[in-house]
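Please look through the sequence and the model first.

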Number of protein chains: 2
Amino acid sequence: MAKWEENIRKVIPYTPGEQPDKSSMIKLNTNENPYPPAPGVTEALQHIDTDKLRLYPDPAVSDLTGAIADFYKVGKDQVFVGVGSDDVLAMSFMTFFNSDKPILFPDITYSFYDVWADMLRIPYERIPLDEKFQICAADYKRENGGVVFPNPNAPTGELLPLDMVEEIIAANKDVIVIVDEAYIDFGGESALPLLEKYDNLLVVQTFSKSRSMAGMRIGFAIGSPVLIKYLNDVKYSFNSYTMDRITIQLGVKAVEDRAYFEETKEKIIRTREWTKTELRRLGFEFGDSKSNFIFARHPKVPAMELFEALKKKDIYVRHFNKPERIADYLRISIGTDAEMKAFVDFLDQYLTDCKIVTA
Amino acid sequence: MAKWEENIRKVIPYTPGEQPDKSSMIKLNTNENPYPPAPGVTEALQHIDTDKLRLYPDPAVSDLTGAIADFYKVGKDQVFVGVGSDDVLAMSFMTFFNSDKPILFPDITYSFYDVWADMLRIPYERIPLDEKFQICAADYKRENGGVVFPNPNAPTGELLPLDMVEEIIAANKDVIVIVDEAYIDFGGESALPLLEKYDNLLVVQTFSKSRSMAGMRIGFAIGSPVLIKYLNDVKYSFNSYTMDRITIQLGVKAVEDRAYFEETKEKIIRTREWTKTELRRLGFEFGDSKSNFIFARHPKVPAMELFEALKKKDIYVRHFNKPERIADYLRISIGTDAEMKAFVDFLDQYLTDCKIVTA
């Protein structure tokens, strides 16, 4: 090892889900939306002024923060935008989790939380979910340097009711509580109305799921103006211009179309509920997901076996090897009706061939 | 102050240059390229598959790292791409400047270096430029935790000859040396060939200046495969998907067109040299800039006065109030021939009216 290697920050990086790109595949592994972005996005792409790309974008991203503020009926000074919700969350960890006390998050949760904490040297404590994979609000009433949890939780899909979310915030008024609502649009109740009561709450959402824009990298946070100010100060100290000109314009079009947004998410919810019925019929076990994925296990077939069998047929789902409690689960993103039918048909045939399902 | 404010990371943010947006303005304040991106960029925009925007982009950004590697004739595993060179530099500071010893950079230099160091709690020492605003290689031969400097330097535009760059790298083999070459394409000699001799060297460049893409946020670093691996590990631990699908596609087109790139930068160099002749005629003093800007003072008129007079005519240049050594300078980006003529004509008239220039 060269001497210069000694002082390099060495981290065990987060491993993103596979991103296979085959025309025939059924991609149910990274919780993308199966429907295209709002029609206004395609339209806007036809009117990009290429000459303007030589100029820096607006560092305040005003058009996009304004459009988001309008949609959620909050002040423009309450909105922060970043390069996907991962960027928003990383900046939030850096800004708000700056204490010597451990931050708290669930033991089974979004796998980036401990990666950010390790990299930024933030102490943390993992709070176990109960045996039904539920967050218990009472467990978050201990001394801490901040709290963060997804709602619905990932990869379980379990929704914490709003009164329990409030119980956690109310018990932690001296720190920042981040509610990571990447999947809230698929049947959950957002914590946004709680902003009227709590100025230490930060709600983070994304365009990657319910707005079909994973490929464009747009996430946002909504909070009290003072929190957003602190967040912007750190962002401006890291990279003044994070959102490019095209992303800003397309993002505005994506958020403006409320009707398309409602229609798309309703379709996904209907497909999810149909998939639940079918998986139940095939003997799978899972909670009542309120997200755009189902986290399921089959009591008679190991997850790894199913994962590999599906992959051979170019059907991609997600399997996490750790922690052990979830090693026998598959996370299945909700695709189109046709994709979910093909997925269910394959499982039906596979389990029949194994004599686990009988016709 | 709420109790939760106590543990928030408080920083004095970097203030980006003004980004006025008037149709009639002459914008010479943020070193943008006056010419549009390569024609292939416009062409590629017409062929974006909007449906694909619902899918995550390639986290490894292979198409773009590949195109950059081809252009510079280096290995693909030697290229790292980020959201502008600010993102690349911030990630590099986080990855490589991880020692208790101070990093070294010039006292007059890119104003983000001390902002990043402060935010990331990296100790640093500012090494004074000499009286001609030159970097002295001998000053960088003291114990340190890393070295970073722009070449040409900003905002002075002064180029350090390659043998002096090598002298600094050779004297600092136990740490990482970052050469920030945002402006290298306008007449400088890149440190890239030194990569064959030094595996502790990281060269950072950007698409924002010589490739007319400031609005799209693309920066890159080239270094030894082991440095790039460490940088990617930190990047993947911060945000796996930083480059969106459209940016990747347009970036490839921008870097592929070598003829357009050469032609554009030659035009800017010619306009810069013409502008130097004119400014000299008007009594301005400046060094021999090898960048796309000129850093100049007039011995008889305060910079602030000229800055304000120009602004009234919608001609924007950059003025830095601090440090004091440069408070009487203006940084003037090189625009088109017509823009520079209008700029010079205004100064000529202004200085004549003040009886400083006589016809």
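A polar contact is a pair of N or O atoms within 3.5 Å; within protein, one of the two must be able to donate a hydrogen and the other to accept it, and residues adjacent in sequence count only if both atoms are side-chain atoms.

## Basis of the report

The model is predicted: local features need pLDDT of at least 70, side-chain atom pairs count only at pLDDT 80 or more, and totals for chains, interfaces and linings use all residues. Residues are numbered from 1 along each chain as its sequence is written, chains are lettered from A and ligands numbered from 1 in the order in which they are written, and side-chain values use heavy atoms, with hydrogens and water left out.

## Chain A

Chain A holds 10 helices and 13 strands; helices (H or I, at least four residues) and strands (E, at least two) are DSSP runs, numbered from the N terminus. Along the principal axes, the C-alpha atoms of chain A fill a box of roughly 60 × 55 × 50 Å. The radius of gyration, taken over C-alpha atoms, can be set against a globule rule of 2.2 Å times the number of residues to the power 0.38. For 359 residues a compact globule would come near 21 Å, and chain A agrees, with 21 Å.

## Relation of the two chains

## The interface

Contact means heavy atoms within 4.5 Å. Chain A brings 85 residues to the contact and chain B brings 85 residues. Because 100% of the interface residues of chain A are also interface residues in chain B, the copies meet through the same surface. About 7,200 Å² is buried between chain A and chain B, with carbon and sulfur atoms giving 59% of that area. In chain A, the residues that lose the most area to chain B are A:Trp4, A:Tyr56 and A:Phe238, together 12% of what that side buries. Buried area is the accessible area (1.4 Å probe) that two parts lose on being put together, summed over both.

Between chain A and chain B there are 40 residue pairs in polar contact, both residues at pLDDT 80 or more. On the side of chain A that touches chain B, the elements giving two or more residues are α1 (39-45), α3 (84-96), α4 (113-119), α6 (225-238) and α7 (245-256) of chain A. Of these, α6(A) gives the most, with 8 residues. The residues on this side of chain A divide into 44 nonpolar, 20 polar and 21 charged. Here Ala, Val, Leu, Ile, Met, Phe, Trp, Tyr, Cys and Pro count as nonpolar, Asp, Glu, Lys and Arg as charged, and the others, Gly among them, as polar.

A:Asn98 lies in the loop between α3 and β3 (103-106) of chain A. Leaving out residues up to four places away in sequence, A:Asn98 touches B:Asn7, B:Ile8, B:Arg9 and B:Arg121. With B:Arg121 there is a polar contact from side chain to side chain (3.0 Å).

## Salt bridges

A salt bridge is a side-chain nitrogen of Lys or Arg within 4 Å of a carboxyl oxygen of Asp or Glu. The whole structure has 42 salt bridges over all chains, while the count between chain A and chain B is 0. A:Glu285 forms a salt bridge with A:Arg297, with 2.7 Å between the closest N and O atoms. A:Glu285 is in strand β9 (residues 285-286) and A:Arg297 is in strand β10 (residues 293-297) of chain A, 12 residues apart.

## Backbone features

Most residues other than glycine have a negative phi, and most peptide bonds are trans. The bond from A:Asn151 to A:Pro152 is cis, with omega near -5°, and the bond from A:Ala154 to A:Pro155 is cis, with omega near 0°. A:Pro152 is found in the loop between β5 (147-150) and α5 (162-170) of chain A. A:Lys73 is not a glycine, yet has a positive phi of about 55°.
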